[in-house]
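Student: I have a structure to look at and would like to go through it step by step. Could you show it to me, please?

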Amino acid sequence: MKKLYKRALAVLLCIALTAAAAPAAVFARDIPGGLLPGDIIPGVVIVDLNEAYDGELAELFPYLETDSIEDAYLASIIASGRTLDQVSERIRSMIGTEFRIELTEFTVAAAKNAKELLTADGRVKKAYYDYVPDSYDDVRYDDEAPDDLIAAAADYFSERYHTEVSESRVGLSYGYGWFGGCYLADLRADIIAIDDFYCKYIGGYCIHEYQMDDSMVIYHGGKVYSLSDAYENGVVSDGDFALVADALNRRYGNYGRYRRSRGTVSYALTVLRAAVKLMGKPTPLMVDYFDSDGDGAVTISDALAELRIAAGLEPAPWLEC
């Protein structure tokens, strides 16, 4: 049943001036368990209008069964704690042009049908799905970090940079956890100016946005190693290193961005690249993202299945649930 939100724009502006502590997505549902970054969020669609709408939200899309319709720009202003005078004229002019719609039917199929209806609406510039966001975690200090990690890191940086580095100059930026008796950490030290990220292959595993300064390290047996040294010296087993690669790749969300193009030839080619190991040796996370037929491996059959879907020869199963 539709909820009637009698929120004419003038009323909304008053709310924005007084409700600084309101959340950005007042009506947002929890993301269901089991979905991966880049997956479509069931029952949700986002729409951009050609012109700003200032009427009652319940009357905006009468052909949709909705639980809520939220003005995206207004919600962002409210959540920021700023008044309208404190945001730019360009932002103010965007109020009423973008809406997040939560449908009564909480399925991907409902989102697909709504997107098709909205695309045919002459007032709509663009309608698109909402996706599970990539997992960019906040800085985390892990209580399970080894007691002597910082001391071992000071020795590591001293040797690597050929200068004396005391413990006071080293800190833990992020603790990923333990992998087969080895601890994965992202460290910081005042001898490092700016982190530089790029893709690196270690032992055949692809690590996205690897830190060039080697501040991502493995701790084992009272000593800190660079990821390359830890792998090459056998400090961490091959299987556990696959989990290390997954921990790093999961945090930076690269696979999630690929999944947003599911149903296209581009995505099928991505699966093919994963199948023939151009994206590195397969890891459990890669299987989670690219194993289309659920046989526990990423193969050329998965890529062909995705290509058939992209060509319209088979329906997209994730749009039917």
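Student: Let us begin with H4. Which strands are among what covers the buried residues of H4?
Tutor: The cover of the buried residues of H4 includes strand S1 (40-49), strand S3 (98-103) and strand S4 (124-131). Buried means under 20% relative accessible area, exposed means over 50%, and partly exposed lies in between (1.4 Å probe, protein chains only). Helices (H or I, at least four residues) and strands (E, at least two) are DSSP runs, numbered from the N terminus.

Student: What kind of model is this, and how are residues numbered?
Tutor: This is a predicted model, in which local features need pLDDT of at least 70, side-chain atom pairs count only at pLDDT 80 or more, and totals for chains, interfaces and linings use all residues. Residues are numbered from 1 along each chain as its sequence is written, and side-chain values use heavy atoms, with hydrogens and water left out.

Student: Back to H4, then. Which residues are buried there?
Tutor: In H4, the buried residues are Val108, Ala109, Ala110, Ala111, Ala114 and Leu118.

Student: And how far does H4 reach?
Tutor: Helix H4 (residues 108-119) has 12 residues and spans 16 Å from its first C-alpha to its last. That is close to the 16 Å expected at 1.5 Å a residue, where the expected span is 1.5 Å times one less than the number of residues.

Student: What happens at the start of H4?
Tutor: There, a side-chain oxygen of Thr107 comes to within 3.0 Å of the backbone nitrogen of Ala110.

Student: New topic: the surface. Which residues form the nonpolar patch?
Tutor: The patch consists of Val265, Leu269, Leu272, Val276, Leu278, Ile300, Leu304 and Leu307, with about 660 Å² of accessible area together. Accessible areas come from the Shrake-Rupley method with a 1.4 Å probe; for residues, only the protein chains shown count as cover.

Student: What qualifies a residue for such a patch?
Tutor: A patch residue has over 30% relative accessible area and no salt bridge; nonpolar side chains (Val, Leu, Ile, Met, Phe, Trp, Tyr) are joined within 5 Å, and like charges within 9 Å. A salt bridge is a side-chain nitrogen of Lys or Arg within 4 Å of a carboxyl oxygen of Asp or Glu.

Student: Where is Lys277, and what is its phi?
Tutor: Lys277 is in the loop between H9 and helix H10 (284-290). Its phi is positive, about 70°, although Lys277 is not a glycine. Lys277 is partly exposed, at a relative accessible area of 48%.

Student: What about His162: buried or exposed?
Tutor: His162 counts as exposed, at 73% relative accessibility. His162 sits in the loop between helix H5 (149-161) and strand S5 (170-179), and has a positive phi of about 55° although it is not a glycine.

Student: And Gln211, buried or exposed?
Tutor: Gln211 is buried, with a relative accessible area of 0%, and belongs to strand S8 (residues 205-211). The side chain of Gln211 makes a polar contact with the side chain of Ser215 (2.3 Å). A polar contact is a pair of N or O atoms within 3.5 Å; within protein, one must be able to donate a hydrogen and the other to accept it, and residues adjacent in sequence count only if both atoms are side-chain atoms.

Student: Finally, how many helices and strands does the protein chain have?
Tutor: The protein chain has 11 helices and 10 strands. Of its 321 residues, 46% are buried.

Note on methods. Contact means heavy atoms within 4.5 Å.
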